[in-house]
Structure formats: structure tokens, C-alpha cells
Amino acid sequence: MDSMENRNTPFWDGALPIEERLDWLMAEMTIEEKLACLASGMKSIERLGIPAMSLGGEAAHGVEARNDQNDLKEPEPTTSFVQPIGMSATWDPALIKRAGAVTGTEVRVIYHRHPDRGLSRWAPTVDLERDPR
């Protein structure tokens with residue numbers, strides 16, 4: 001069964017307050033299902049109509065779309081830019097904006113091919129508190 005088909009639950013009832021919907025969902029989910037949600041991606045929870053998802057991934061120098069990150073095991077063709085420290089050395093804000101636009105476009109293409117991959121991308125750095133700059 002496709003998880004998109006099983007949406008006849010209080011969680012998907014937009015007329016209910018969000019707190020009520022979330023309370024219902026938390027009561028229905030197993031501990032294992034809740035723990036799976038703590039990762040950056042999870043499989044669908046078909047019985048609750050929750051589709052598989054991914055928070056996205058790193059995009060500091062383009063979309064990270066390796067072949068080991070999709071079901072087809074084929075690479076996604078994406079543009080790779082130099083690391084952010086190198087891009088900043090150009091002192092060209094318009095160029096950096098264009099690189100961001102390319103990355104955003106490629107993220108949306110991958111999302112439309114693989115809706116469980118997510119649109120959220122991390123840039124210019126993944127972990128700000130560990131970045132030495």
C-alpha cells in the first residue's frame with residue numbers, strides 16, 4: 001500500500017487543531033517509529049499515511065546527490081562548485097548568487113524525481129559551531 005493512500009486519519013484532517021493532530025500521531029506511533037524520525041531520513045509509516053522523507057543534505061558546494069543515496073544506485077548529475085571558502089575568495093556576490101540558484105534548481109529536480117529526498121539543504125556549512133572561520 002502506498003502511504004499516500006492511507007490518509008484517512010485525524011493527523012491528516014486539516015480542520016482539527018495541529019496540537020490535536022500531533023497528539024493523535026504521537027499516541028499512535030510506536031517507540032521504534034518515533035526513534036526512526038530522529039534520523040535525517042526515514043521510511044514511510046504506511047499504516048498512518050506518513051510518507052518516507054529525507055531532510056535533504058549538504059549543499060555547501062552544490063547538491064550532494066551521490067549514487068548511494070537513491071534507490072536506482074545511479075548517480076544524479078549535479079553541478080559541483082568549489083568549497084564556500086573558495087567561492088568567498090572571488091568577492092563576487094552575483095556569482096555566488098548564481099551558484100545558489102543552480103543548486104536550488106538541481107535540488108528541485110532531484111526532489112521531483114525522488115520526493116522522499118527532501119528540499120532542505122545545508123549551506124554554506126553543515127555545522128556552524130564546528131566551522132573554524
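**View 1. Overall fold of the predicted model.** From the N terminus on, the elements of the protein run α-α-β-β-β-α-α-β, giving four helices and four strands; helices (H or I, at least four residues) and strands (E, at least two) are DSSP runs, numbered from the N terminus. This is a predicted model, in which local features need pLDDT of at least 70 and side-chain atom pairs count only at pLDDT 80 or more, while totals for chains, interfaces and linings use all residues. Residues are numbered from 1 along each chain as its sequence is written, and side-chain values use heavy atoms, with hydrogens and water left out. Of the 133 residues in the protein, 26% are buried (under 20% relative accessible area; exposed is over 50%, partly exposed in between; 1.4 Å probe, protein chains only).

View 2. R21 lies in helix 1 (residues 18–28). The residue is buried yet has no salt bridge (a side-chain nitrogen of Lys or Arg within 4 Å of a carboxyl oxygen of Asp or Glu). D13, the nearest side chain of opposite charge, is 6.7 Å away; Lys and Arg count as positive and Asp and Glu as negative, with His and the chain ends not counted. Leaving aside residues up to four places away in sequence, R21 touches P10, F11, W12, D13, G14 and L16 (contact: heavy atoms within 4.5 Å).

**View 3. W91 in a loop.** W91 lies between helix 3 (84–88) and helix 4 (93–113). W91 counts as exposed because its relative accessibility is 76%. Most residues other than glycine have a negative phi. W91, although not a glycine, has a positive phi of about 55°.
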